[in-house]
Amino acid sequence: PEVEIVRQSLDKKIKQKKVKKVIVRNRNLRFKVPLNFESSIKNLKITNIKRISKYLVLYLSNESYCLIHLGMSGTIHFIYKDKKNSITNTSFYNSPTLPKKHNHIEIIFENSKIIYNDPRRFGFFQIIKNYELLKKRFSKLGPEPFSSKFNKKYVYNSLKKKEKNIKNFLLDQSFTSGVGNIYASEILFLSEIDPEKKGKLISKYECNKIVINSKRILLNAINKGGSSIRNFRNILGSHGSFQKNFKVYQREGLNCKRLKCNGIIKKKVISKRSTFFCNTCQK
């Protein structure tokens, strides 16, 4: 959802704009920014901005593509050239204003620019030369939760006979792409499924709940995070409000919000990721 918010933001501000100049201040991101990165996008128009899983894809006028992955702490800030916009962040994560440090890449247009900020440097930029290579780049990704391919039959066939737990399945991008750690916990709570339950023990009925609730949780997160996205000026840097709707995430020790459940929210680390669940109604 966070990446979709950024995509919607950029779609309003940089689509059909021509890149005048590119400045790379630090090439040492998760993958080194290639030496030809600046020349690969300079003087090209950004014809579209799409999202594949957790990646932003800038469509370029020479039919190549610029992939952007925000990593753990990456944000994109939009800056006007001649007028001051004090709130610059295109998402609701981290600082609403442009930080003074860790501004690694600038892509400059005629009257504006975007700046990539990333303190932890886990994000990256990559140029893909054509559509065939783009398809190949994402060929191992599973269907998105909003896709018709992500259905009860697909989920059941993927899980059956598998020892891997359902929480790890939801985070596995080859099973379904785009579900993050927060949303996996929320999906499993809504589905009343123990995050450590093995795939082979998940019933068809539970598979259907996973499909329905994945769509519901992610759509709600996008709507909450972008509730003011209809007006770009308001969403720049404004906090997404989905966190106010958390049922389990970061609620360790609190009472379960499900009606008639007397359970307590527990926290457990599964595959090095914090997992939150109700000790009573998730089975």
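Biologist: How many residues apart are Lys 135 and Glu 132 in helix α3?
Modeller: This is a predicted model, in which local features need pLDDT of at least 70, side-chain atom pairs count only at pLDDT 80 or more, and totals for chains, interfaces and linings use all residues. Residues are numbered from 1 along each chain as its sequence is written, and side-chain values use heavy atoms, with hydrogens and water left out. Helices (H or I, at least four residues) and strands (E, at least two) are DSSP runs, numbered from the N terminus. Both residues lie in helix α3, about one turn of the helix apart, a separation of 3 residues.

Biologist: What joins the side chains of Lys 135 and Glu 132?
Modeller: Lys 135 counts as partly exposed at 44% relative accessibility, and Glu 132 as exposed at 52%, where buried means under 20% relative accessible area, exposed over 50% and partly exposed in between (1.4 Å probe, protein chains only). Their side chains meet at 3.9 Å, N to O. A side-chain nitrogen of Lys or Arg within 4 Å of a carboxyl oxygen of Asp or Glu is what defines the contact, so the Lys 135 and Glu 132 pair is a salt bridge.

Biologist: How many aromatic pairs does the structure hold?
Modeller: Rings of Phe, Tyr and Trp (its six-membered ring) pair if their centres lie within 6.5 Å, and planes under 30 degrees apart count as stacked, over 60 as edge-to-face and the rest as tilted. With that rule, the structure holds aromatic pairs to the number of 13.

Biologist: Why is the pair of Tyr 55 and Phe 138 edge-to-face?
Modeller: The two ring centres are 5.0 Å apart. The pair links distant parts of the chain, with Tyr 55 in strand β3 (residues 55-60) and Phe 138 in the loop between α3 (131-137) and α4 (152-159), 83 residues apart. Tyr 55 is buried at a relative accessible area of 15%, as is Phe 138 at 10%. The pair is edge-to-face because its planes stand at 70°.

Biologist: Which residue lies over the face of Phe 138?
Modeller: A charge sits over a ring if NZ of Lys or CZ of Arg is within 6 Å of the ring centre and within 35 degrees of the ring normal. Phe 138 belongs to one aromatic cluster with Phe 31, Tyr 55 and Phe 124. At 5.6 Å from the ring centre of Phe 138, the residue over its face is Arg 137.
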